[in-house]
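Please look over the sequence and the structure below. The briefing that follows is grouped by topic.

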Amino acid sequence: MDPQPDPPVRRVDRYGIPAIGLHWGMAVLVVGGWFVGRWMTDLPFSPLKLKVYSWHKWNGVLVFALLFVRLVVRWLQPPPASEPMPRWQTRLAQAAHILLYLLLALVPLSGWLYSSAAGFTTVWFGVWPLPDLVPKDAALKVLFRSFHGGFTYVLGVLVALHVLAAFKHHVFDRDRVLARMVPGLKPRQSR
Amino acid sequence: MLIQPDPLRKIRAFVGAFAGGLILLCTTLPTNAAPIDSARSRVVATFRQMNVPIEGNFKRISGDVVFDAAHPQDAKAVLEVDLASFDLGPGTEDYAQEVRHKDWFDTARFPRATFTLSGARALGPDRFEARGKLALKGRVVDLVATIARQVDAGAQKFEGQVPIRRLAFGIGEGEWRDPSVVADEVIVRFQLLVPSSSAAGSHNANPSGSVSSGRK
């Protein structure tokens with residue numbers, strides 16, 4: 001008889017180290033990419049502008065690639081069960097996190113489509129040319145540029161809410177929500 | 001910042017114009033020179049910025065070709081390219097404007113680039129190696145191009161490409177000299193359609209407004 005395979009390891013009280021590493025690593029890349037993306041469009045045409053545009057795209061492709069790694073890690077080492085809180089908050093958090101994952105895919109993807117439609121192949125780290133998802137087309141370029149801008153904006157709002165919610169849980173609810181994602185952080189003790 | 005007139009630049013402009021004129025004088029084409037069909041010919045330049053290939057074509061080109069496959073060594077060609085007509089496609093106005101700037105083509109002072117080819121040798125059936133010169137932005141550089149030739153309904157079609165080192169011509173000066181941002185090598189590809197002289201009874205009026213073979 002084949003014994004049942006062991007279920008994936010599940011930390012009961014906090015996220016595993018790979019998940020934590022990916023979370024904060026990608027947070028830096030995403031927030032950095034977000035601000036650079038907003039700033040770079042106003043740069044005067046110069047070698048710096050070309051460099052920054054390229055770095056921004058390399059960053060986006062990296063985030064997109066890491067997203068898949070993150071999904072695999074989440075499958076192998078599922079997150080801990082939700083902390084005790086009113087059920088509407090649990091639902092809201094789940095919805096927000098699903099939306100965040102979705103946007104982490106849609107933002108880079110729309111950027112890739114935008115770049116393809118603009119006729120600029122993305123060459124990852126200057127060595128690996130990515131396939132152009134669509135042919136060079138003026139109308140598609142305008143369309144995907146607005147998608148990229150729109151998704152970026154929604155992601156910005158969602159990340160801001162995500163950060164505020166984490167602080168709310170840690171400072172006001174004094175629960176383990178933030179502590180689960182920060183090694184060494186303990187929930188604030190109630191008096 | 002005070003902008004100083006650069007005397008070296010003026011000297012170079014004069015030398016360039018003189019050299020260009022000299023080349024044109026030396027390559028007086030024989031009377032059987034056939035003009036290219038500008039509307040059906042193309043000159044495309046591909047450059048790489050941050051290793052991303054960017055392609056643009058010169059919309060206004062003109063030229064004349066003398067070519068007899070039986071005597072390739074007597075081949076001659078002059079191809080003139082209007083540099084301000086460089087077009088990278090819709091939505092690239094900032095690139096197009098930059099390219100006309102004095103750090104790049106400096107089209108205000110050097111509106112044209114002139115390729116002159118003189119003498120070809122056969123490399124194989126309908127493949128030739130042609131040697132020539134490119135006069136661009138006041139400088140003249142020797143070139144070698146590999147050309148494939150096709151005959152179609154009496155007209156000759158010449159296709160080839162030649163790598164150009166932009167820094168040798170001072171194209172992309174100042175902050176743009178860095179070859180890691182815009183690569184030094186630019187590949188120029190051309191497709192020239194030369195109707196046979198019997199078909200081209202008179203100089204065709206060209207709707208694209210190309211520079212006429214009678215040089216200004």
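In this predicted model, the hairpin of strand 9 and strand 10 of chain B has two residues between the strands, and B:Ala153 takes a positive phi near 50° there. These two strands pair in the antiparallel sense over seven bridges.

**Paired strands of chain B**

- B:Ile164 has its bridge partner, B:Val186, in strand 11 of chain B.
- Strand 8 and strand 9 of chain B run antiparallel and are joined by 10 bridges.
- Opposite B:Lys133 stands B:Asp142, a residue of strand 9 of chain B.
- The hairpin of strand 8 and strand 9 of chain B has two residues between the strands, and B:Lys137 takes a positive phi near 50° in this hairpin.
- Strand 7 of chain B is joined to strand 8 of chain B by eight bridges, and the two run antiparallel.
- In strand 8 of chain B, B:Arg127 is the residue that stands opposite B:Gly124.
- Two residues lie between the strands in the hairpin of strand 7 and strand 8 of chain B, where B:Asp126 takes a positive phi near 60°.

**The nonpolar core**

- The largest nonpolar core has 45 residues.
- Those with the most contacts inside this core are B:Val65, B:Ala75, B:Ala77, B:Val81 and B:Ala130.
- Several elements of chain B give two or more residues to this core, among them strand 2 (42–49), strand 4 (61–66), strand 5 (76–82) and strand 7 (112–124).
- Strand 8 of chain B gives the most to this core, with five residues.
- Leaving out residues up to four places away in sequence, B:Ala130 touches B:Ala75, B:Leu117, B:Ala120, B:Ala145 and B:Ile147.

**Chain B as a whole**

- Chain B has two helices and 11 strands.
- Along the sequence, the pattern of chain B is α-β-β-β-β-β-β-α-β-β-β-β-β.
- Chain B has 216 residues, and buried residues make up 30% of them.
- Among contacts in chain B with a separation of 6 or more, 63% are between residues 24 or more positions apart.

**Chain A as a whole**

- Chain A has four helices and two strands.
- From the N terminus on, the elements of chain A come in the order α-α-α-β-β-α.
- A box of roughly 55 × 55 × 30 Å, taken along the principal axes, is filled by the C-alpha atoms of chain A.
- Chain A has 191 residues, of which 19% count as buried.
- Among contacts in chain A with a separation of 6 or more, 65% are between residues 24 or more positions apart.

**Helix 2 of chain A**

- Helix 2 of chain A (residues 47–76) has 30 residues.
- From its first C-alpha to its last, helix 2 of chain A reaches 44 Å, close to the 44 Å expected at 1.5 Å a residue.
- The buried residues of helix 2 of chain A are A:Tyr53, A:Ser54, A:Lys57, A:Gly60, A:Val63 and A:Arg70.
- Helix 1 (17–40) and helix 3 (87–117) of chain A are included in what covers these buried residues.

**A:Ser110**

- A:Ser110 lies in helix 3 of chain A.
- Leaving out residues up to four places away in sequence, A:Ser110 touches A:Phe144, A:Phe147, A:His148 and A:Phe151.
- A:Ser110 and A:Asp13 are 97 residues apart in sequence, and their C-alpha atoms are 36 Å apart in space.

**Where the chains touch**

- The contact takes 15 residues from chain A and 14 residues from chain B.
- On the side of chain A that touches chain B, helix 2 and helix 4 (138–172) of chain A each supply at least two residues.
- Helix 2 of chain A gives the most to this side, with four residues.
- The residues of this side of chain A divide into seven nonpolar, five polar and three charged.

Key:
Residues are numbered from 1 along each chain as its sequence is written. Chains are lettered from A and ligands numbered from 1 in the order in which they are written. This is a predicted model: local features need pLDDT of at least 70, side-chain atom pairs count only at pLDDT 80 or more; totals for chains, interfaces and linings use all residues. The expected span of a helix is 1.5 Å times one less than its number of residues. A residue is buried if 20 or more other C-beta atoms lie within 10 Å of its own, exposed if 12 or fewer, and partly exposed in between; C-beta atoms are placed from the backbone. Two residues are in contact if their C-beta atoms, placed from the backbone, lie within 7 Å. Ala, Val, Leu, Ile, Met, Phe, Trp, Tyr, Cys and Pro count as nonpolar, Asp, Glu, Lys and Arg as charged, and the others, Gly among them, as polar. A nonpolar core is a set of buried Ala, Val, Leu, Ile, Met, Phe, Trp, Tyr and Cys residues joined through C-beta atoms within 7 Å. Two strands pair if DSSP finds at least two bridges between them.
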